[in-house]
Amino acid sequence: MAVRINAVGKLIRPRLKLFEFDVRFASQVTRLFPDEYDGPLMKTEVPGPRSKELLARYDNCNKNVDHVVFFCDYNKSRGNYLVDADGNRLLDLFTQVASVPIGYNHPALVAAVQDPSNLSVFVNRPALGVHPNEDLPERVENALLSVAPRGLNRVQTMACGACSVENAIKLAFCWFRKKQRKGAPVSEEELQSCLTNQLPGTTPFTILSFRGAFHGRTLGALTCTHSKWVHKLDIPSLDWPYATFPRLKYPLSKYAEENREEERRCLYEVRMTVEKYNAEGKCVAGVITEPIQSEGGDNHASAEFFQGLQEICKEYGMAFIIDEVQTGGGSCGTFWAHEQWNLPSPADLVCFSKKMLTGGLYYNDDFAVDGGHRMFNTWMGDPGKVVLLEKVVETIQKDGLVQNVHETGEYLQDNLKCLEDTYPDIFSSSRGVGTYCAIDVSDPVTLQRVIQGMRNRGVQLGSCGQSSIRFRPTLVFQKHHVDILMDVFHRVVADITGEDSMHPQRNAASK
């Protein structure tokens, strides 16, 4: 099967025809990022000589560089394109592990950094827990409360995703214990016993998580992480419960009943696990879940599954914690992925970071803790990141970027489906919401060949799970970028299989 795109970049179904990308076609596109590059430009393999030289130098002072892919020239990077130290220009669909919201060096963010009125927070980095900058309340209202999930009227910034999850867990424990006290004051025995990790001050509460989850690398978040051994080996974990996250079969329309049964089974397992831990005195104070298990392999579940999960939380008096560190900020075609679940009532706690630039968590009055220093660290986030996020949110709204993600996401998903139809021996189970997409590759070895081949031809991708490619583009990723992506995919498959890549004549209207 071939891939065909018409003159305006519209997918023609059911058959798609491979085309050779033409920068003249790209120049006709209305771009969401001003003055963006026309396409990839490769000078060396990746990593190139300069990156290798820098890696050897960095290794001398770090010795923790096995995960470094290549070094970057961020001064030259722009929009959806990442330039490396060797001058290679790559279309970036991994975007610093899903954390670049509106493209590299967006003019609005550059202007915010250069604005003299903003310089003091970048230079001084106030300790927000004790001496916040005077304009912080206004900034938080504009950048964070303006996009707060439904029903959550409080927000606390944090430095990263892991500490956001960590503090959400702590708030759930404090809330659960406050309910148990039924208005009684904290006893002197509690105050003293907690200092030596003893009852009653140190509670035996737990948080239920899911197989395949990734919530961070601090100890509480890591206890809730069950995706890859590299995150957990040799590190003690708490005795907290976990249950099976659904493993859906694709296409969804073909396996509707099997998938419903899988989700029912998983919800039953949640219920039984909660009852087991509660009976042992290790009360489950909350359940934490990702809308899409990202590190674990881009595992999805239906809105009905999450509705059922919230119902179980309410039945057993547990907090419902949603980890939107990777999914939040618009990449799923709504600002928050869980907006698509039609929950009968708001979530209790929502964690965020990555595309939101600052870490943090949303909650409501019920989860507010009494007294200072109970949710506290030196910086409690970074006001400079809030300044930038304010401009990000403004740009998202002004340029209609969530709608762009929705439209581009449909186009990307259609093309990924055609990719697996064209090469069923290599690709399968394409899936996604918005531009937050993934596709499975036949085996881990082929996965690495595809990712390296794409990189050497100018497209940067990320992997997840055992053998999946995950797509995490910016919010200014558009249909003409999908066209480039698919062209490179076909070329790389031709490289791997040794088959000649088909390059039919371009549509005359695109010349």
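How many bridges join strand S13 to S14, and in which sense do the two strands run? Three bridges join S13 (residues 462-464) to S14, and the strands run antiparallel.

This is a predicted model, in which local features need pLDDT of at least 70 and side-chain atom pairs count only at pLDDT 80 or more, while totals for chains, interfaces and linings use all residues. Residues are numbered from 1 along each chain as its sequence is written, and side-chain values use heavy atoms, with hydrogens and water left out.

Helices (H or I, at least four residues) and strands (E, at least two) are DSSP runs, numbered from the N terminus; two strands pair if DSSP finds at least two bridges between them.

Select the hairpin of S13 and S14. Three residues lie between its strands, and Gly465 takes a positive phi near 60 degrees. Ser463 stands opposite Ile469 in S14.

Next, select S14 (residues 468-471). Ser468 and Arg470 point one way, Ile469 and Phe471 the other way, and all are buried (under 20% relative accessible area; exposed is over 50%, partly exposed in between, with a 1.4 Å probe and protein chains only). In a regular strand the side chains alternate between the two faces of the sheet.

Ala438 has Arg470 of S14 as its bridge partner.

Finally, move to helix H6 (residues 136-143), where Leu136, Arg139, Val140 and Ala143 are buried. Seen down the axis of H6, these residues fall within an arc of 100 degrees, so they line one face of the helix; the arc is that of the directions from the helix axis to the C-beta atoms. Pro137 and Glu138 are exposed on the face turned away from the buried side. The buried residues of H6 pack against strand S3 (154-158) and helix H13 (383-399), contact meaning heavy atoms within 4.5 Å.
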